[in-house]
Amino acid sequence: MKQDDALTLLKERAQAVQTITAEVADFRAACLYAVDVTQRQGGTSIAAPGLSGKDLSHLKAACKTGGLKLFTKNLRENIGQISTGLTIADWGIAETATLVMDSTSEDFRIATMLCETHVAILPGSKIVQDAMSLENELTSAMKAAPRYFAFISGASRTADIERVLTIGVHGPRELHLLIVKGTSG
Amino acid sequence: MIKTPHDVKTYRRDLKNALRNNFLGATLDNFATAYRTSRATAFSGIDFDALAHEIAAGKDQSIAHLPELLEKFSTQAEKAGVKVHFARTAFEANSIIASIAKASGVKQIVKGKSMTAEETFLNAHLEKEGFEVTETDLGEWIIQLRNEGPSHMVMPAIHLTRQEVAELFTKVTGKPQDPDDINGMVKVARKELRRKFLDAEMGISGANFAIAETGTIGLVTNEGNGRLVTTLPRVHVALVGVDKLLPDMKSALRILKALPRNATGQLISTYVTWITGATECKSSPDSKKEMHIVFLDNGRLALAADPAFSEALRCIRCGACANVCPIYKLVGGHNYGHVYIGAIGLILTYFYHGRRNARAIVKNCLNCQACKSVCPTGIDLPHLIKEVHRTVLNVEGKKPVKNLLLKKALGNRRMFHFLLRRASLAQKPFSEGQYLRHLPFMFSGEQEFRRLPAIAKVPLRDMWESINRRVENPRYRVALFGGCLSDFVYPEQGEALLQLCGDHEVQLEYPMEQTCCGLPAQMMGERETAKDVAVQNLRAIDPADYDYILTLCASCGSHLKENYQKLLSQEPALAVKVSQLRDKLIDFSSFIVKVLKVDPEEFRRLGGKVAYHSPCHLCRGLGVTKEPRELLSTAGFEYVPAKDEDVCCGFGGSYSIDFPEISAELLKRKLDNVEDTGAETLVTDCPGCVLQLRGGMEKRGGKVKVKHIAEVVAEQKKQPRRKG
């Protein structure tokens, strides 16, 4: 499957699980998007662990302009105060609109689990057709223990009361997927 | 607390109560309808049967090597800092987990959804030991607060109304909750449970996969609570049945392709989590999670070694066998399983929770094959249910009188057919046209939801020679396997067949030594009797003598095709004949459409509006769905689809005698759906279904005629062309 077809499928499948997708030019644009979403929702902060160098500077600048707090480490101390979690995904699976994320660092997990909105950045070149295509990558990752990997496909959901689909029971209430076109990660 | 009846009388009382619960009846019906569509959409573009076959083969391999997989898993996981435990029994598992909690100074525990923990009654054990345990899956939390067991393996609280949940949450929060604000109630759970996650020192999860190659566990969840349970507390214990062991990631991904699609019609669940080893955890003194994996045997290893029952360990807990079960749909999971729910529940209860809990529920199967047709691991659920039923009867040594009578009657064909002919005379004072006017006392009362047919004056076999024309140079030689109902109750169905074959140069034969197919014996758990009649029939009909073995009864056909192989697998002399029989067996509609290739020209037009009931053993047993519908249109009928055409009519042979309340309700729904179509005639391919549907329609005074497809098609046939 060509990368463009994979991207089209991923976007189509994302819609079915209420994932909001957008294409962005680069990491800086993604930061601006995250700040904008947070502001629109009345949020006050962004948690973004594991960033460094230019990426971190872009985000710092964007948060500062937007008047948002930025948490980058020891996120356990900030549980309850995280409006948006901003993370980079390792792969995207087109068939199921799934983000695959190495979540071994605790901060990474807290940022993606205990935020109100999760904004994930995915390099366009990292989209594969189906989960089976990642068999080898996943196996190698699991061999490098300890490892905590997450497949995320949409926002947290339940249908436990009269089978009525309800979003945001435990995890984020929204998942935004920003695809950085033409990057190789 | 879960209380499963230990006797049929109490069980039937519970079933009757459940049938009076209108909410349950409506909600499960809606669910079944929605599930059917979403599942089909989720599997579009995927060859389900091929996938199920692959998963089954993979699981069978794992099941045969559980000790080796366990050893490999343990080595890998321990290398990654996990302590692996092995519990022989449920009690041992619970005790191990309690001692881990004690040793780590734990007071509060949060739990993710785990059927294995339900199996061991872990919460009750931990609470008795003084720990505070909170379920964090919304459905599980609700039933925990209500002190109930799950009523579905995937949707544990599906039996509850929004009002019941609102009432419960009002108590929990001390603030009134609006039952129509489901979003608001979900927020209550989010808020209440968030605190629990943060306070707990230990998280307990189950696992959907245990991958030996890397010592990884995989969790499939939607709410995200599983992620929090495995992340926030400083201790994580996973309780895992040894049947979840798989060799590698590939095996897990293969199952993941089927599991959410089959469970809820989702392409994938929202979260799938893969954990290898003790990861970072900053609430722990050394910033490292204390991680334990407790593998549970509880009879699984013994089950794995059993040639017949090991198949049950393939189960991946998708719950689909409940979703499609017509009985589950009426009475809900609290009346259709013990801890494990649905068809697989009827089987596993016997192995994990004992004979007393399995004794009554295991009888409650129509053998409609709906579960088997959706099982993503190809478990022959109806067959295993009958095998458990048979085992329970044998172990308890208390066989019902009807079993003994049947065994006696079927043991000798002459005697059996003599009795049937005698019954035709004996019923005279009780019969009224084609029906019995009064039912014999043993059937009275609860059996009166349908009228039962009288036995024919002359059975098909006795009129056969006089009505069967000899064909000089036949294109096909075909043996008719009549089956008891076509032979002794509805001989007109056989007559119709002969009429249809009249000018198609087919020589039909009725091998006179044939007897009951044996399905009734199989249904009652009488395997030996079923085997005896199978041998009798194979002696009566040598497949090598015919081009086709044709049957008018889908149930007989499906039993001959599927079960004879299982019954006679140990009989080398007959095994080949069984295969030949399978190859040559054909149902009525397929024969007329695919072999005779009838032409619309042979039939009159304007046959009227007909609805169709798809017999369980035709559409699922024999996999025939297109031909009957095609035949109806060829024969000049206007076919109008009805809701739930392929859902069981509730007959199930002796099932309708054992559980008349369920049979009556299924029949009612079926006839309601048919009447809604405005059809003049209801057509089906199985004399058993004819018996149930016609008797029910007659009883309710309905206007729709009920007929076997052979009859209606023969009625439409123009006069045969005479040669010369």
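Me: Which residues does B:His389 touch, leaving out those up to four places away in sequence?
Reply: In this predicted model, B:His389 touches B:Val362, B:Lys363 and B:Gly525. B:His389 itself is found in helix H19 (residues 381–396) of chain B.

Me: What makes B:His389 count as buried?
Reply: The cut-off for buried is 20 or more other C-beta atoms within 10 Å. B:His389 has 26 of them, so it is buried. The C-alpha atom of B:Leu346, 43 residues apart from B:His389 along the chain, is separated from that of B:His389 by 9.3 Å.

Me: Why is helix H35 of chain B called largely enclosed?
Reply: Seven of the eight residues of H35(B), which covers residues 709–716, are buried, so the rest of the structure largely encloses this helix. The buried ones are B:Ile709, B:Ala710, B:Glu711, B:Val712, B:Val713, B:Ala714 and B:Gln716.

Me: Which elements do the buried residues of H35(B) pack against?
Reply: They pack against helices H24 (491–501), H29 (588–595) and H31 (626–634), and against strands S17 (609–613), S19 (681–684) and S20 (705–708), of chain B.

Me: What is H29(B) doing relative to the strands S13, S15 and S16 of chain B?
Reply: H29(B) lies across S13 (476–481), S15 and S16 of chain B, and runs at about 95 degrees to S16(B). Strands S13, S15 and S16 belong to an open sheet of four strands in the order S14-S13-S15-S16 (chain B), with parallel pairing.

Me: What makes S14 and S16 of chain B the edge strands of this sheet?
Reply: S14 (506–509) and S16 (585–587) of chain B each pair on one side only. On average, neighbouring strands of this sheet are turned by 35 degrees against each other, direction ignored.

Me: How do you know that S15 and S16 of chain B pair?
Reply: Pairing needs at least two bridges between the strands. Three bridges join S15 (residues 548–551) of chain B to S16(B), and the two run parallel. B:Ile549 stands opposite B:Leu585 in S16(B).

Me: How many residues does the contact take from each of chains A and B?
Reply: The contact takes 41 residues from chain A and 52 residues from chain B. The elements of chain B giving two or more residues to its side include helix H2 (22–42), helix H12 (249–264) and strand S9 (271–276). H10(B) gives the largest share, eight residues. By type, the residues on the side of chain B divide into 26 nonpolar, 17 polar and nine charged.

Me: Why is chain B called as compact as a globular protein of its length?
Reply: The globule rule gives 27 Å for 724 residues, and the radius of gyration of chain B is 28 Å, which is close to that value, so chain B is as compact as a globular protein of that length. Its C-alpha trace spans about 100 × 60 × 50 Å along the principal axes, and 56% of the 724 residues count as buried.

Me: Which residues have the most contacts inside the largest nonpolar core?
Reply: They are B:Leu239, B:Val240, B:Val294 and B:Cys321, in a core of 286 residues. Beyond its neighbours within four places in sequence, B:Cys321 is in contact with residues including B:Gly342, B:Ile344, B:Cys371 and B:Leu381.

Me: What makes the phi of A:Gln18 worth a remark?
Reply: Most residues other than glycine have a negative phi. A:Gln18 is not a glycine, yet its phi is positive, about 60 degrees. A:Gln18 sits in the loop between helix H1 (3–16) and strand S1 (19–24) of chain A.

Note on methods: Residues numbered from 1 in each chain as written. Chains lettered and ligands numbered in written order. Predicted model: local features only at pLDDT ≥ 70, side-chain atom pairs only at ≥ 80, totals over all residues. Contact = placed C-beta atoms within 7 Å. Nonpolar A, V, L, I, M, F, W, Y, C, P; charged D, E, K, R; others polar. Buried ≥ 20, exposed ≤ 12 C-beta atoms within 10 Å, placed from the backbone. Rg over C-alpha atoms; globule rule 2.2 N^0.38 Å. Core = buried A, V, L, I, M, F, W, Y, C linked by C-beta atoms within 7 Å. Axes fitted to C-alpha atoms, helices over the stretch in contact; angles between N-to-C directions.
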